[in-house]
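Work through the exercises below with the sequence and the model side by side. Try each task before you read its solution.

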Amino acid sequence: MRLVYFVSEMALAFVLSAIFIAVVSLLSLIFTAFSIYLVYIHWRFSHIPGPKRDSFFLGNVPLIRREREKGKIMSELMQELHSIYGPVVLMWGFHRPFLFVSDRELAKKCLLTLNLPKNPRVYGHLGYPFGHRLLGRGLVTETDHGVWQKQRALLNPAFHRRYLMNLMSAFNNSCDLFLAKLDEMADGETVVNMAEEFARVTLDVIGKVAFDIDVDVIRDANSPFPSAVSKGLKGVQESIRTPFSQLLGLVFPSQSGLAEAIKFIREFAGKVLKERQEAVLREDETPNDILAHILKVAESESSLSFEDLIDQFVTFFVAGQETTSNQLSFTLFEILKHPNVENRIIQEIETVLGSRQFVEHKDLGNLQYLGQTLKEGLRFHPPVGGTTRITTKEENLGGLTIPAGTSINISWFILQRLSDAWSEPEKFDPDRFSPDKQIPQSVYYPFSVGPRTCIGQTFAQFEARVLMARLLQEFELTLLPGQHKMIHEERLTLRPKGGVLCTIKRRGLKQE
């Protein structure tokens, strides 16, 4: 019997040893094959200029992390690298190569001539950060051009200027609530973070104007919406930066609360959509707003699920709010840093509005210098740093052969600060957008360019002018001492790090 047990144990030990050897051999084979593959990929891109890889397997990730720890965003790092290596720079994110393009003609070629498609790997993180469905396959993240084109055509009427002209009351009503809240803090002493206040009012505006709902973000200091949106975007950023986390089942501190935040946003969207569908079935009178057009997309595309409709809702709710909020924050900072700019805006507001508070559609065009200032804010501090496309076949960029499947990153941040395109690019100068001057070609893309240009740009321009005009008409804002330079923070979009801290007092511009 002992002999039988001994033989059994020996057999088991032999089997386990054989399995262990097989596993180690398989892993060694995979490691060797991957290493050979990586050598081949490095060789294919060896002719493209760029900084030396820090590591065979990590690529330039250590460099990026070091610069990030210094407070430098990716766009600022690439701006430095372009001055060293030229208009096309190769970087490695682990085993994946990606190019940064800074030349205006090359950017034009990628976006217009070649019309390169969006990179599915990158926009997949935006749609599903860490596997959680956020924007899903909405208008921003849909990479199938045929599907996107159909949806875009159905949604275009909701963003037409003629339609938005009739919504000036909604813009102004949200602004009334915004100014009333600021008035409570307008003692010249209370510190107000205007970046947070802009985040709230833009959520309120997009809720009322786009979806005919009152999210009550301005008055409710405990509203969960700002935090949920912020966590969602932060999750996207971290998902892009840690591409292997989901594969390895890793959980990072930055993911804390991400699932709950996304669940809250999407459940809210689903509730609003169902209520509107029910109202339509009852034949109630409903507005012809963006929400109505989202439902029209569903009517024409029977293959779309309810979750697909939520994708569109969340896309407009999150993306539309975040970019305008950051534009207003950056621009206000520059206005307050430049008293000459602020004085010209105030004089223009006095001329156009006088003592009238309500901003009409005809006023938007007459607020010419304010419009120039907002455009310069978008140039100097683009809320969206750029776009990422992918080559579908071998291409030639600047005399360099670019293999198919290469990620191409085009930075608005860099293009809009090129010294050979802009006079004194590091200077904030709204006059560069005056009617008698010509904007440099192929270097100003605040709302992207080509077929995938931002559908909400007119909406954003209306909103920004109304809010900024009425804010500066009512209040005199002063930056806290020490805020001399804007520090950018990257959270998918670019935002002012630490916010925009001000004290506020009534301007006394209008006399009742």
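The model is predicted: local features need pLDDT of at least 70, side-chain atom pairs count only at pLDDT 80 or more, and totals for chains, interfaces and linings use all residues. Residues are numbered from 1 along each chain as its sequence is written, and side-chain values use heavy atoms, with hydrogens and water left out.

**Exercise 1. Find the order of the strands in the open sheet of four strands, then examine S1.**

Step 1. Know the terms. Strands are DSSP runs (E, at least two residues), numbered from the N terminus. Two strands pair if DSSP finds at least two bridges between them.

Step 2. Read the order. The open sheet runs S1-S2-S7-S4, with mixed pairing. Strands S1 (88-93) and S4 (386-390) stand at the edges with a single partner strand each, so one side of each has no neighbour in the sheet.

Step 3. Check the pairs. S1 and S2 run antiparallel, joined by six bridges. Trp92 has Pro97 in S2 as its bridge partner. S2 (residues 96-101) pairs with S7 (residues 407-411) in the parallel sense over four bridges. Here Leu99 stands opposite Ile408.

Step 4. Look at the faces of S1. Val88, Leu90 and Trp92 are buried on one side, and Val89, Met91 and Gly93 on the other. Buried means under 20% relative accessible area with a 1.4 Å probe, protein chains only. Six of the six residues of S1 are buried, so the rest of the structure largely encloses this strand.

**Exercise 2. Describe the hairpin of S9 and S10.**

Step 1. Four bridges join S9 (residues 488-491) to S10 (residues 493-496), and the two run antiparallel. His488 has Pro496 as its bridge partner.

Step 2. Go to the turn. One residue lies between the strands, and Leu492 takes a positive phi near 70°.

Conventions: Buried < 20%, exposed > 50% of the residue type's maximum accessible area, 1.4 Å probe, protein only.
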